[in-house]
Amino acid sequence: MGKSPKIVFAGSPEFALPTLQALAKTELCPCLVITMPDSKQGRGKKLTPTPVKILAEKLGIELRASANINENYEELEKIAPDILVTVAYGGYLQAKIRKLPQYGCLNLHPSLLPLYRGANPIKYPLLHGDKTSGYTIFKMVAKMDAGPIYHQEKISIEPNDNFQSLHDKLASHGAKGMISTIREILNGNLEATPQSDALATYTEKTAKEDTYIDWDSSAENIRNFIRAYSPTPGAIAFLGGSPIKILASQLTESKATSAPGTICEIVKNQGFVVATRDSDLLITLVQPAGKKPMPAFDFTLGQKELLHKNFEKSNGSNS
């Protein structure tokens with residue numbers, strides 16, 4: 001293409017930032033960014049802009065805050081974009097929007113589609129103990145995350161990866177992949193490959209009770225659970241009726257001899273050990289209610305009664 005392509009970008013959370021930043025540094029800099037409106041957040045319910053809004057304003061890109069991108073149809077029709085790029089925008093694109101761009105609407109999804117379609121594609125591979133994840137760039141269709149695939153890249157999940165570290169790797173790699181994919185599409189060098197619905201798996205939004213640790217599970221499953229919810233919203237345990245976030249842990253070679261959920265040892269400068277269904281699990285990082293994250297050993301200081309206590313179920317009963 002002789003002239004710079006017209007790109008529209010739609011995104012909202014932190015995950016979308018690397019792609020917007022990468023596009024802005026190239027000939028693919030968006031002429032318009034669409035993001036969700038400011039929302040009330042925190043204890044003070046203060047109106048807070050999306051991370052994408054903050055970055056777009058910093059970059060000096062034309063911006064629209066819209067909870068329904070379909071209401072921007074007339075403006076988008078005037079722009080006549082070559083491609084509309086979406087990264088975690090948070091809203092559904094109707095057919096009239098998807099048909100507007102000459103080359104369609106591209107989405108960056110943080111899984112190897114058709115695996116893990118839906119709302120939680122980063123969390124699920126960690127929950128399942130997968131060794132690899134990845135991202136997919138595909139052309140959007142009416143069905144969620146089901147469009148034909150332009151590009152995929154596998155990303156290794158390291159033993160100490162948690163939600164945040166995997167999130168950051170997928171966002172960073174996906175941004176680079178988006179640049180090369182758009183260029184290949186515009187140059188006519190890339191065809192999309194249909195997905196197989198028969199191989200699709202799905203993820204769900206996280207409810208509060210989904211974050212509660214079940215100490216009657218295996219140590220490995222609990223460690224994966226903690227990784228999947230760290231650092232936010234955090235895997236929740238209950239001690240003395242108060243919630244505490246468990247943010248990091250390590251497997252041990254010690255077979256459990258206490259009831260699941262029992263704090264059976266305090267390890268100096270490392271943390272405390274909790275019995276699970278099969279073996280003991282060393283807890284290394286925690287966040288008590290109303291406090292900042294802290295080393296688990298620091299949490300034990302001054303709490304002589306902590307040893308042999310039991311973590312409780314969400315209703316306050318003993319595990």
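How many aromatic pairs does a search of the whole structure find? The search finds six aromatic pairs, and two of them are described below. Please keep in mind as you read that this is a predicted model. The protein chain has 319 residues, with eight helices and 17 strands among them.

**Overall build**
- Taken along the principal axes, the box filled by the C-alpha atoms of the protein chain is roughly 70 × 45 × 30 Å.
- Buried residues make up 48% of the protein chain.
- If you look at contacts between residues at least 6 apart in sequence, 64% of them join residues at least 24 apart.

**Surface and charge**
- The protein chain exposes about 15,700 Å², and 50% of that area comes from carbon and sulfur atoms.
- There are 36 positive and 32 negative side chains, and the centres of these two sets lie 4 Å apart.

**Aromatic pairs**
- Tyr116 and Tyr124 make a tilted pair, with 6.1 Å from centre to centre and 55° between the planes.
- Tyr116 and Tyr124 are both buried.
- Phe272 and Phe299 have ring centres 6.2 Å apart and planes at 45°, so this pair counts as tilted.
- Because Phe272 sits in strand E15 (residues 271–275) and Phe299 in helix H8 (residues 296–300), their pair ties together parts that are 27 residues apart in sequence.
- Both Phe272 and Phe299 are buried.
- Ring pairs also link Phe272 and Phe299 with Trp215 and Phe311 into a cluster.

Terms used: Residues are numbered from 1 along each chain as its sequence is written. This is a predicted model: local features need pLDDT of at least 70, side-chain atom pairs count only at pLDDT 80 or more; totals for chains, interfaces and linings use all residues. Side-chain values use heavy atoms; hydrogens and water are left out. Helices (H or I, at least four residues) and strands (E, at least two) are DSSP runs, numbered from the N terminus. Buried means under 20% relative accessible area, exposed over 50%, partly exposed in between (1.4 Å probe, protein chains only). Contact means heavy atoms within 4.5 Å. Accessible areas come from the Shrake-Rupley method with a 1.4 Å probe; for residues, only the protein chains shown count as cover. Lys and Arg count as positive and Asp and Glu as negative; His and the chain ends are not counted. The place of a charge is taken as NZ of Lys, CZ of Arg, CG of Asp or CD of Glu. Rings of Phe, Tyr and Trp (its six-membered ring) pair if their centres lie within 6.5 Å; planes under 30 degrees apart count as stacked, over 60 as edge-to-face and the rest as tilted.
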